[in-house]
Every structure is written in structure tokens, then in C-alpha cells.
There are 2 protein chains.
Amino acid sequence: MTPLRRNVLALLVRAGEPIKAYDLLDQMRSEDGSAKPPTVYRSLDFLMDVGLAHKVEALNAYIACAHCHDKGGAELYICGKCGSVDERHGAPEPRNAPDGFETERSVVEHYGLCAKCR
Amino acid sequence: MTPLRRNVLALLVRAGEPIKAYDLLDQMRSEDGSAKPPTVYRSLDFLMDVGLAHKVEALNAYIACAHCHDKGGAELYICGKCGSVDERHGAPEPRNAPDGFETERSVVEHYGLCAKCR
DNA sequence: CTGCGCATGTGATATTATAACATAACGTAG
DNA sequence: CTACGTTATGTTATAATATCACATGCGCAG
Ligand SMILES: [Zn+2]
Ligand SMILES: [Zn+2]
Ligand SMILES: [Zn+2]
Ligand SMILES: [Zn+2]
């Protein structure tokens, strides 16, 4: 965990909601000035590899993860109004899987309204 | 259903697997010449609105849909080796949903190996 | 010291998607 | 028929997202 990566993680955590790569980049630039797209994408890739971040596929955005994913992938509940994300896991085995399909990675994202915003 | 939209749908069906918007565009151009990005994106938006196509979020690609989605969203099983997509539905209500969360739309994509490619 | 592996810096470019405005096509009220 | 509103399409440009390719720095094994 290098300073650069730690910094990116800190920004993700601070955001507290899905944040776009280029918004991260802007924040980094405002402190560092030298940050460029590969800087942030590399750090995000690293953080995702080690399980400290997720990409929210349908938003092209990224979030920090403080969960344990031993038991399976993340399941995200994303409020379209306030932007909050509630991450759950232990996402169950796909029951409708075709015969013989071997799942390596699942993307599960639910979009809607959180309890507060209904 | 206009000729343009029908043509885009036909190309999606013919592809038989997830296809990128700009690949569609290339195919359209090879026949029409005048096609441009908004042409294809508008048609895709229309087809998705009426339920004849889906976006595969984690691939930024699109597929035709011949299913009935009365009972819920699509659940995609995508083979990383051969590119085939098996679409299921009746995807179950999220069981881990936070209290009070009201889901409007779900993205469920499983990546792995299909039976043939294992 | 030297060579190697990995992280980062840097400039350019590729890929994906939308904005903004113009034109056409089509039905309907008058 | 003509004028108008609405929807679809054409066209130009640009925004937003992501990667490539190559250079540099940095820590450590030999
Ligand atoms: Zn997580
Ligand atoms: Zn909310
Ligand atoms: Zn479908
Ligand atoms: Zn396969």
C-alpha cells in the first residue's frame, strides 16, 4: 500500500458514495497537480484487485469497500435520489444458472429508492 | 418500429452475442454510410425502452432480448471464453435488501465459463 | 555497483456516449 | 390543402471514460 494508493482509497472513503474516476482525478490534482488518468485508474485497479474498492458498473463509478468478501461478491443497493449505496454480501448462488455454468464473478446492482428517500 | 430501429435490432439479433455500439455503427455504415453515433445510441435507447434489448453493463455492450420481462429483470450468464450469453429471468427479489429499500431496476450479470467452455 | 521488478510520471490516443441544433416525416385541426 | 405539433432522423461537435506506450524512479537481490 503506497502513499498514492492510500490517498486514492482515502478519497473514496471520504466521498462516501460512488465517485467517478475523473472526479477523483480532479481532487487529486487540486492537491498534487501532477495526477493524470493512468494514475487514478492504476490505483483503482489495485484497490479493486485487493478488494478495497468496487466499481459500480452501471454508473461508471467507484466505491470503497470495508467488507469481507470471502463468502461471495458484493450486492449493491443504490439510491437514485440521494446516491447512497448500501453494500451487502453473501450474495446467494445464482439459482437460475444454466446447467454447467461456472460463475467467476457476479455484478449485482439494485437501483431504486432508499428508505429515507421514499 | 421504424426501419432504422428494426435494422439495429436485426443487427443485434444477428450478432448473437453482446455487441458494442461502435461495432454496430460500423456495420450500419458499411450499408448506409450516413450512420453516426447518435443514430445507433438512439435506436438502442428505444429498443431498451421497449424491452427488445439490454445493455450488458460490465461490457458496455448490447444484446437483443426475446424474453418477457413481466416478472422481473434479466439475469445474464456471460461466458468469458466464447462470449455467449444465456439470459434468464424471473430474477428473484433481492433478499438482502436493506429495510425499506424499493428496487426499481436491477443489474445482474454473472461472468464465468459456460458448460461448453469449461 | 548492476540488474531486475514494480510503482509512478507523462504524453498521446482509444473508446464510449451525449449535447445541440437542423431537417424530415407524419398525422391532425382548421 | 395548409399550418402546426410531435416524433424521428441527420449532422457537427464535444464530453466522459479508459487505455497504451514509453520514460523515470526506487528498493532490493546478487
Ligand atoms: Zn465489497
Ligand atoms: Zn436515498
Ligand atoms: Zn431480456
Ligand atoms: Zn463459453
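Leaving aside neighbours within four places in sequence, which residues is E87(A) in contact with? They are H54(A), I63(A), A64(A), C65(A), H67(A), H69(A), A74(A), E75(A) and L76(A). Contact here means heavy atoms within 4.5 Å.

This is a predicted model: local features need pLDDT of at least 70, side-chain atom pairs count only at pLDDT 80 or more, and totals for chains, interfaces and linings use all residues. Residues are numbered from 1 along each chain as its sequence is written, chains are lettered from A and ligands numbered from 1 in the order in which they are written, and side-chain values use heavy atoms, with hydrogens and water left out.

**Zinc ion (ligand 1), chain A**

- Four residues coordinate this zinc ion: H54(A) through NE2, C65(A) through SG, H69(A) through NE2 and E87(A) through OE.
- The distances run from 1.8 to 2.2 Å.
- Donors are N, O and S atoms within 2.8 Å of the metal (3.2 Å for Na, K and Ca); water is not among the atoms, so sites may look incomplete.
- The site is tetrahedral because the 4 donor atoms subtend angles of 102 to 123°.
- Four donors count as tetrahedral if all angles lie between 85 and 135 degrees.
- Along the sequence, the donor residues follow the spacing H-x10-C-x3-H-x17-E.
- C65(A) is buried, at 6% relative accessible area, whereas H69(A) is partly exposed, at 23%.
- Buried means under 20% relative accessible area, exposed over 50%, and partly exposed in between (1.4 Å probe, protein chains only).

**A closer look at E87(A)**

- E87(A) sits in strand β4 of chain A, residues 85–88.
- Strands (E, at least two residues) are DSSP runs, numbered from the N terminus.
- The side chain of E87(A) makes a polar contact with the side chain of H54(A), at 3.0 Å.
- A polar contact is a pair of N or O atoms within 3.5 Å; within protein, one must be able to donate a hydrogen and the other to accept it, and residues adjacent in sequence count only if both atoms are side-chain atoms.
- E87(A) is buried yet has no salt bridge.
- Its nearest side chain of opposite charge is R88(A), 9.4 Å away.
- For charge, Lys and Arg count as positive and Asp and Glu as negative; His and the chain ends are not counted.

**Zinc ion (ligand 2), chain A**

- The protein donors here are the SG atoms of C79(A), C82(A), C114(A) and C117(A).
- They lie 2.2 to 2.3 Å from the zinc ion.
- This site is tetrahedral, with angles of 104 to 114° among its 4 donor atoms.
- The sequence spacing of the donor residues is C-x2-C-x31-C-x2-C.
- C79(A) lies in strand β3 (residues 75–79) and C114(A) in the segment after β5 (102–113) of chain A, so the pair ties together parts that are 35 residues apart in sequence.
- Both C79(A) and C114(A) are buried.

**Zinc ion (ligand 3), chain B**

- H54(B) (NE2), C65(B) (SG), H69(B) (NE2) and E87(B) (OE) coordinate this zinc ion at 1.8 to 2.1 Å.
- Angles of 102 to 125° among the 4 donor atoms make the arrangement tetrahedral.
- The donor residues are spaced H-x10-C-x3-H-x17-E in sequence.
- H54(B) is in strand β1 and E87(B) in strand β4 (residues 85–88) of chain B, so the pair ties together parts that are 33 residues apart in sequence.
- H54(B) is buried, with a relative accessible area of 15%.
- E87(B) also counts as buried, at 10% relative accessibility.

**Salt bridges**

- Side chains of opposite charge can pair when their charged atoms come close.
- A salt bridge is a side-chain nitrogen of Lys or Arg within 4 Å of a carboxyl oxygen of Asp or Glu.
- The structure holds 6 salt bridges over all chains.
- One of them joins E102(A) and R118(B), at 2.8 Å from N to O.
- This pair crosses between chains, from strand β5 of chain A to the segment after β5 (102–113) of chain B.
- E102(A) is partly exposed at 33% relative accessibility, and R118(B) is exposed at 57%.
- R118(A) forms a salt bridge with E102(B), with the closest N and O atoms 2.8 Å apart.
- That pair also crosses between chains, from the segment after β5 of chain A to strand β5 of chain B.
- Within chain B, E57(B) and R105(B) meet in a salt bridge at 2.8 Å, N to O.
- The pair links distant parts of the chain, 48 residues apart: E57(B) is in the loop between β1 (53–56) and β2 (61–64), and R105(B) is in strand β5.
- E57(B) is buried at 8% relative accessible area, while R105(B) is partly exposed at 40%.

Key:
Four donors count as tetrahedral if all angles lie between 85 and 135 degrees; four count as square planar and six as octahedral if opposite donors are over 155 degrees apart and all others between 65 and 115; anything else is irregular. Helices (H or I, at least four residues) and strands (E, at least two) are DSSP runs, numbered from the N terminus.
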